[in-house]
Amino acid sequence: MGGFFNRSARSSRDGDGQREAPLVPILPTDHERRVELLDSFENAGLGWFWATDAHGRLIYLSQNAIDKLGLDEGETLGKPLTDLFVPCRITRDEKAEQQDRPLTFYLAARNSISQLQVRLALPDHEVWWEIAGKPQFDERNEFTGYRGSAKDVTVTRESQKDAERLSQYDSLTGLSNRHRMKKELTAKLKAYRSSKRVCALLMLDLDRFKQVNDTLGHPAGDELLKQVAARLNAILETRGEIGRLGGDEFQVILPDIDDRGELGDIAARVIQMLAQPYSINGSRAIIGVSLGIAIAPYDGLETDDLVKAADLALYAAKGGGRGQYRFYSSDLEEGAKLRRLLEEDLRDALDRDELTMHYQPIVKSDTYNVAAFESLIRWEHPERGFVSPEEFIAVAEDLGIINQIGEWALRKACMQAVEWPVDLRVAINVSATQFVQEGFVDQVKSALQASKLKPERLELEITESVFIGDAAQTQKTFLELKELGVRLALDDFGTGYSSLSYLQHAPFDKIKIDQSFVRGATDPDNNNAAIMSAIVGLADALNMETVCEGVETKDELKLVTARGATHIQGYLFSRPIPHEEAIESLSKGDLKYEPRGPERSRSERKTVFRTIGAIHDDHRYQVVLRNISKTGARIEGLLDVPVGTNFVLDFGAGQLAVAVVRRSSKQTQGVEFETPLISDGADGFCTRHRVSPYAIEAAGRPLSALPQDAYGMLTGESGGRSIPAFAEAKVVKP
C-alpha cells in the first residue's frame with residue numbers, strides 16, 4: 001500500500017508465524033492538505049492564483065494559467081499586474097456588466113477586488129478573466145501586496161452577451177426590438193433635452209404585408225421582413241437606430257434632424273425603395289410602406305408623447321391612401337377621431353345606398369372625342385358630405401370590406417353603362433385584394449350576364465400590386481378574363497416598382513401613365529417628359545394604348561400630345577360627373593370635350609380659409625389665408641399694404657415664413673416666400689423648420705409652462721401684440 005499509510009502494528013502472522021501490524025493512516029498536516037487542494041484546483045483549470053508585491057508587480061501566477069495563455073514565465077513575473085490586461089471599458093451594449101472603477105483604481109486605493117472582469121492583453125484572441133483579490137499587510141500594518149484568484153469567464157461572458165442581445169434585438173431581422181428602441185429613445189430624449197438637441201422619430205407600417213402571408217405563406221413573410229430590414233439598413237446606414245416593433249411595424253430614431261425637407265426626402269426614399277419588388281423563393285412579392293414622422297422637442301418632450309405623435313402621423317398616412325408619409329400636427333388627433341367614426345359609418349354605407357358612381361371621360365388625343373368613361377366611387381356622407389375616395393378606400397381595405405365594395409362597383413358600373421345611348425367603354429378600378437380572391441372571374445362573368453353589357457366594352461384597370469403572390473394563378477386569371485372578352489389596363493404605371501416582365505406575359509390592352517409624371521413635366525429641368533416618351537414608345541411597340549392621367553393645363557396637354565400619348569384624362573377636359581349628367585351629355589351627342597383650363601401649370605396652389613398671424617415690426621396682425629403654394633400665398637385683412645412690405649407669417653405650431661408683398665389691392669395681398677415651403681406629405685405645405693421650444697425657453701418661458709402643443713403662445717391665441725423678444729428666435733431659416 002502506498003500513500004499516507006504505515007505498518008505501525010501487526011494484524012496477522014507473517015511467514016515465521018508472527019502476526020502483522022495493522023495499517024495505520026498517516027494524516028497530512030493542514031498546510032499539506034491546502035496545498036494539495038489548491039494544486040488540484042489549478043490543474044483542473046477551474047481557476048488560478050496570483051500575487052503581487054507592494055509595488056504591484058507579479059510575484060506569482062499559476063503555472064497552468066501561464067501555460068494555457070502561452071506566456072513566458074520569465075517575462076511575466078516581475079511585471080506590473082496591470083500589464084497583463086487591456087485597459088478597456090465595456091461597450092454601450094454591455095451596460096449591465098459595466099464596471100464603475102477600473103483595476104488601476106482598486107490597486108492604487110488598496111481596496112479589495114471582487115468579481116472584476118478584465119480582458120487579457122493577448123494579440124491573437126480575446127480572453128476575459130474574473131479576478132478577486134485582497135490587500136495584504138504585515139505585523140507592522142505595512143502593505144505587502146495582493147493575493148488573489150482568477151477564473152476564465154470568456155464562455156460565460158459570451159453566453160451573457162448572447163442572452164443580452166436576444167433580450168434587446170429582434171431574432172428574425174437582427175434589428176433592435178421594441179424594448180431596446182424605447183430604452184434608446186428615452187435615453188436620447190433625456191440627454192438631448194439638457195443639451196438642446198433635436199431628434200426625429202419615424203414610425204413605419206408595411207402595406208399589403210398580410211397579402212404576402214396569405215398568398216405565399218408565413219415563411220415567405222419572414223423572409224420578406226428580413227429583406228425589408230436589409231433595405232432599411234442600406235438606406236439609413238449609420239444615420240440612426242432602426243428597430244422592429246413586431247409584426248410589420250418598424251421604427252427609426254434619427255438624432256439631430258429637424259429639417260422637414262430632409263426628413264421628407266428620407267421618407268420618400270424609404271417608400272420608393274421598400275416598394276421595389278422582392279424575390280422570395282422564386283416568387284415575386286410587392287409591398288408598400290406608410291410613414292409617420294414626429295420630431296422632439298416640437299411634437300413631444302417625453303417618449304410616450306413622441307411615440308403617440310408619430311403613431312397619429314402614421315395613422316393619417318395610412319388613411320390618406322398608403323404609400324405616403326405625414327408629419328405630426330396637432331389637428332391629427334381630431335382626424336383620428338373622424339377616421340374612427342368613418343370606419344363605423346362605412347360598414348353601413350352600402351346598405352344605406354350612400355355610395356354612387358361618377359364618370360370621368362377619357363378622350364382621344366387627336367380629336368378630343370370621348371373614347372371611354374372611367375367609373376369612380378363617390379361617398380356622400382349624410383353628415384360629413386363628400387368623403388374623398390383616398391380616405392374611405394383605405395378604410396375599406398383595413399376593415400376587410402374592399403371586396404364587397406369592389407363587387408358592388410363592378411355590377412353598378414356595368415348596369416349603368418348599358419343605359420348609355422352610345423356604346424362607349426367603361427373602365428373600372430379593381431383592387432389587388434379583389435383581383436386575387438377566389439372567384440373574381442366569376443364575379444366579372446356574373447356582372448356581364450346580369451347587365452347584358454358587351455364584354456369588349458368593359459375595361460378592368462389593375463395596378464401592379466396584383467403581381468404579388470402566385471404568378472401562375474395571376475396569369476391564369478388574366479387568361480380567363482381575356483377569354484371573357486374584357487379589356488385590361490395597367491394602372492398607375494411607373495409609380496415605384498414597375499417591371500417590364502409584367503408586360504412580357506400579361507395581356508394588357510392599355511397602359512395608364514400616372515399623373516405624378518405629368519406634374520412638373522413642363523419644367524425645363526424635369527425628366528418626367530423623357531420618361532413619358534419612353535413609356536409611350538414601349539406601349540407602341542407592344543400595340544397598347546396609352547393614357548396620360550391628371551392633365552390640368554394646356555401646356556401639359558401640348559406636351560403629352562407631343563410625346564405620343566393616344567388618350568388623355570384630366571380636369572382640363574372634365575371632372576368626374578354623376579351618371580345622370582353623363583347620360584344627358586351623351587344623349588345630346590356631346591362626344592367631344594374642349595380643353596378648358598389655365599394656359600400654363602404653376603406651383604400647386606391650395607385653397608384655404610383660416611386665420612393666421614402677420615408680424616410686421618413689433619406688431620402682430622390677424623389676417624385670413626385664402627390660398628397657399630410652395631412659393632407664396634394670398635392673404636386678406638390689411639388695407640392698402642405697399643408692395644415690397646416684409647412680413648413674418650405665423651402659420652401656427654411654430655411655423656414661420658418670411659414673406660414680401662408682391663401684389664396689393666385694397667385688403668388683399670399676394671406675398672412671396674423668401675424660402676419655399678415643402679410638402680407636408682399630403683396635399684398641403686409646411687415650413688422646412690419650426691421655432692424650437694428651446695428658443696422659446698431661452699426667451700424667458702420654461703418648457704414646463706408651454707401648452708400641450710408647445711406653441712399656443714405663437715398662434716395669436718394668447719392675445720395682444722407680437723413678442724419682440726421672439727423676433728429673431730421665430731425666424732428659423734434653413
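Helices (H or I, at least four residues) and strands (E, at least two) are DSSP runs, numbered from the N terminus. The structure is a predicted model, in which local features need pLDDT of at least 70 and side-chain atom pairs count only at pLDDT 80 or more, while totals for chains, interfaces and linings use all residues. Residues are numbered from 1 along each chain as its sequence is written, and side-chain values use heavy atoms, with hydrogens and water left out.

**Cavities**

- A cavity is a set of points on a 1 Å grid over the protein atoms alone where a 1.4 Å probe fits but cannot get out, and its lining residues have an atom within 4 Å of a point.
- The structure has 2 cavities of 30 Å³ or more; a volume is the space filled by probe spheres set on the points, which are joined across faces, edges and corners.
- The second largest cavity has a volume of about 60 Å³, and its lining includes Leu189, Tyr192, Arg193, Cys199, Pro297 and Tyr694.
- Helix α6 (residues 178-195) gives the most to this lining, with 3 residues.
- The lining of the second largest cavity comprises 8 nonpolar (Ala, Val, Leu, Ile, Met, Phe, Trp, Tyr, Cys and Pro), no polar and 2 charged (Asp, Glu, Lys and Arg) residues.

**Nonpolar cores**

- A nonpolar core is a set of buried Ala, Val, Leu, Ile, Met, Phe, Trp, Tyr and Cys residues joined through side-chain atoms within 4.5 Å, where buried means under 20% relative accessible area with a 1.4 Å probe, protein chains only.
- The largest such core has 78 residues, and Leu458 and Leu460 have the most contacts inside it.
- Helix α13 (residues 402-418) supplies the largest share of this core, 8 residues.
- Apart from this core lies another of 40 residues, among them Ala220, Ile235, Leu236 and Tyr325.
- Beyond its neighbours within four places in sequence, Leu460 is in contact (heavy atoms within 4.5 Å) with residues including Leu410, Phe440, Leu481 and Arg487.

**Aromatic pairs**

- Rings of Phe, Tyr and Trp (its six-membered ring) pair if their centres lie within 6.5 Å, and planes under 30 degrees apart count as stacked, over 60 as edge-to-face and the rest as tilted.
- The whole structure contains 15 aromatic pairs.
- The rings of Phe435 and Phe478 form a tilted pair, because their planes are at 45°, with centres 5.3 Å apart.
- This pair links distant parts of the chain, with Phe435 in helix α14 (residues 432-436) and Phe478 in helix α16 (residues 471-484), 43 residues apart.
- Phe435 counts as buried at 2% relative accessibility, and Phe478 is buried at 1%.

Terms used: 1 Å grid on protein atoms, 1.4 Å probe; cavity = no way out; pocket = protein on both sides within 12 Å on 5 of 7 lines; lining within 4 Å. Buried < 20%, exposed > 50% of the residue type's maximum accessible area, 1.4 Å probe, protein only.
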